[in-house]
Amino acid sequence: MRLRRFIDIAVDSILKNKMRSMLTMLGIIIGVGAVMMMVAVGQGAKSQIRQSINGLGTNLIVVTPGASREGGVSRGAGTFNRLTVQDAEAIKRESLLLSGVSPVILAPTQAVGGKGNWRTMVRGVSTDYATIRDWNVSEGRLFDAEDLRGMRKVAVIGATVAKDLFPNQDPVGQNLRLRDVPFKIIGVLQSKGQTGMGNDQDDVILAPYTTVQTRLAGHQFIGQIVGSTPNPQDIPAAEQEVRGIMRERHKLAPYEADDFTVRDQTDIMQAAEGTTDVMTLLLAAIASISLLVGGIGIMNIMLVSVTERTREIGVRMAIGARGSDVLSQFLIESIVLSVIGGAFGVAVGFGGAEVIARLTGWSTAIAPAMVGLAMGFSATVGIFFGYYPARKAAQLNPIEALRYE
Amino acid sequence: MSEPDLVIDAKELTKVYGTGGSEVHALRGVDLDVRRGEMMAIMGASGSGKSTLMNILGCLDQPTDGVYVLNGARVDGLDRDQLADIRNREIGFVFQGFNLLARTTALDNVELPLLYDRSGRKLDSKALARDALERVGLGDRMDHQPSELSGGQQQRVAIARALVTNPTLILADEPTGNLDTHTSVEVLALFQELNAQGVTVLLVTHEPDIAAYAPRIMELRDGLVVRDHATVARQHAVLDPGGGEPVEPVESLKATS
Ligand SMILES: Nc1ncnc2c1ncn2[C@@H]1O[C@H](COP(=O)(O)OP(=O)(O)O)[C@@H](O)[C@H]1O
Ligand SMILES: [Mg+2]
């Protein structure tokens with residue numbers, strides 16, 4: 001009952017000074033809006049990365065060359081590359097838990113055929129790759145063990161490559177020159193779309209790793225080995241198994257560290273999310289500065305308001321307001337100001353996130369909890385920066401306040 | 001201890017401002033009895049201690065020494081919150097400068113004291129505020145803001161605000177100080193009318209002409225009561241300048257010098 005009256009008084013006083021209230025709120029609006037936008041961008045990036053990592057296929061294990069460093073992130077660069085096709089074949093042969101294993105040899109290549117040129121990435125993989133990545137063809141077929149063994153010059157192309165080189169025609173059966181080597185297109189992959197980072201997953205050509213190794217890459221080393229288990233529960237055991245096989249193949253003594261890194265999807269996810277979390281935090285921290293400035297704006301205006309209304313405070317005290325009544329009145333006024341500002345700020349945040357999404361093509365996401373958090377934070381700013389002026393008002397001597405000119 | 005019909009029973013009130021060498025003895029032992037339903041004026045030159053006494057009687061300030069019994073209860077020595085509650089319940093203030101809240105309607109201004117009521121009783125504050133405004137003859141100005149009212153009307157709103165809690169007494173410090181003669185008379189007439197209805201009124205003024213409207217006048221000089229006497233109060237009904245000159249005191253209640 002008393003609270004309702006104080007809120008009435010606060011709203012009343014805010015409405016009586018519309019312009020000043022608006023300007024005071026502007027600081028909070030901008031602050032909350034900026035924080036919301038930054039978090040929206042960060043969260044959007046995070047959810048896209050998660051999506052695209054999930055899109056890699058479930059129950060995935062990735063072996064990369066080089067020892068692991070902090071957070072399971074490999075610093076492969078600079079480390080001597082010691083992953084070979086034979087490693088992949090050994091894992092395939094010896095692992096009991098992995099249902100599929102494939103080396104991945106990356107060869108950036110100019111593809112010539114159909115309408116012209118297309119610079120893309122050729123991926124030399126085994127027949128297991130499609131299963132591991134949960135990827136199938138929309139037309140034609142995938143290459144089989146025969147193609148692999150015979151080092152046949154066959155290729156399965158991604159939807160983007162198909163669209164660019166063979167618009168309005170069936171690419172299956174057509175020829176494609178990769179580094180002047182003629183390949184026959186036997187299939188077109190289903191479209192997977194973009195990853196969170198804006199990479200087109202369909203801009204790819206798959207070919208037997210045997211062929212890629214001999215015809216295109218020209219060396220023995222491979223970028224990574226991928227594998228998958230039938231069940232997610234088997235992943236930790238499979239990782240241990242793969243480590244054992246690799247250590248044995250690389251003849252590592254017990255005191256020697258791994259010269260390769262085995263990661264599962266969770267590790268990859270964590271590494272990526274850790275990065276986006278740090279980014280989000282950083283952006284939000286920078287944006288928070290404007291919220292802080294907004295809070296100081298509220299304090300400033302409340303101090304002016306207390307001084308300006310000294311007489312009013314004196315009158316209220318003379319007719320029976322206690323110090324706590326005056327404190328509540330001004331505190332509630334600053335909370336109401338900042339919460340209304342926060343509400344507008346949330347709206348600005350949503351709008352701004354949408355605009356950013358449109359302009360940049362990034363995805364943005366605002367979790368419903370963020371709205372509550374923003375409102376709570378605004379109220380806190382109101383309490384924090386409103387307390388000092390309110391206390392100043394409450395401690396006024398009524399006689400002096402009444403005499404104030 | 002105190003008679004039941006005494007609204008104010010103050011003994012030996014002193015007030016000292018400042019400390020050390022710069023002490024100011026604003027009140028130096030003031031005794032005051034006010035009966036329920038009385039109307040009295042406190043007079044004195046500027047600096048004689050009128051406002052200081054008002055502030056103490058109005059529980060805005062505490063005496064340095066002395067006993068103050070308001071409406072049967074001792075109020076000297078109470079803390080800030082207790083004093084605020086007593087002001088809310090027992091006192092109605094009328095100030096020289098009206099002190100209405102700007103951009104706030106007459107009705108909302110008058111309702112204000114009821115919003116700070118802590119007695120817990122159920123109050124229809126709007127209805128009480130309306131009644132109070134009608135009592136001061138402003139039933140048709142309830143939705144007007146102070147800026148839309150004349151000085152006299154503003155002071156009547158302030159009187160309604162003082163009345164609305166049905167206080168034990170109304171304290172008015174120079175209530176006509178900002179008003180012209182004609183309006184002053186109207187306001188004083190209103191006080192007389194309210195007093196006739198049983199409201200206890202204490203007027204503070206430095207003008208004998210104003211004090212003359214009260215049937216009892218107390219005079220302060222340098223923080224001491226120098227005179228406290230009953231008069232035949234000038235009546236507002238006699239607005240002609242000849243009538244109602246203050247007459248000689250008929251009864252000296254206190255002999256002080
Ligand atoms: N807050 C104060 N601090 C110091 N001296 C004061 C204060 N208030 C009043 N005085 C002094 O006390 C004396 C009485 O003042 P006051 O009660 O205001 O007189 P009046 O209202 O009759 O003009 C004056 O000398 C005045 O200067
Ligand atoms: Mg004075």
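## The site of ligand 1

In this predicted model, ligand 1 is surrounded by Arg403(A) together with Tyr17(B), Val24(B), Ala26(B), Ala45(B), Ser46(B), Gly47(B), Ser48(B), Gly49(B), Lys50(B), Ser51(B) and Thr52(B), each having a heavy atom within 4 Å of the ligand. Because the surrounding residues come from chains A and B, the site is shared between chains. The shell comprises four nonpolar, six polar and two charged residues; here Ala, Val, Leu, Ile, Met, Phe, Trp, Tyr, Cys and Pro count as nonpolar, Asp, Glu, Lys and Arg as charged, and the others, Gly among them, as polar.

## Polar contacts and cover

Polar contacts are pairs of N or O atoms within 3.5 Å. A polar side-chain atom of Ser51(B) lies 2.7 Å from an oxygen atom of ligand 1, and a polar backbone atom of Lys50(B) is 2.9 Å from an oxygen atom of the ligand. For Ser48(B), a backbone N or O atom lies 3.3 Å from a ligand oxygen atom. The protein covers 63% of the 550 Å² of accessible area that ligand 1 has on its own (Shrake-Rupley method, 1.4 Å probe).

Strand 2 (24-35) and helix 1 (50-57) of chain B are the elements that give two or more residues to the shell. Helix 1 of chain B gives the most, with three residues. Helices (H or I, at least four residues) and strands (E, at least two) are DSSP runs, numbered from the N terminus.

## Basis of the values

Residues are numbered from 1 along each chain as its sequence is written, while chains are lettered from A and ligands numbered from 1 in the order in which they are written. Local features need pLDDT of at least 70, side-chain atom pairs count only at pLDDT 80 or more, and totals for chains, interfaces and linings use all residues; side-chain values use heavy atoms, with hydrogens and water left out.

Terms used:
A polar contact is a pair of N or O atoms within 3.5 Å; within protein, one must be able to donate a hydrogen and the other to accept it, and residues adjacent in sequence count only if both atoms are side-chain atoms.
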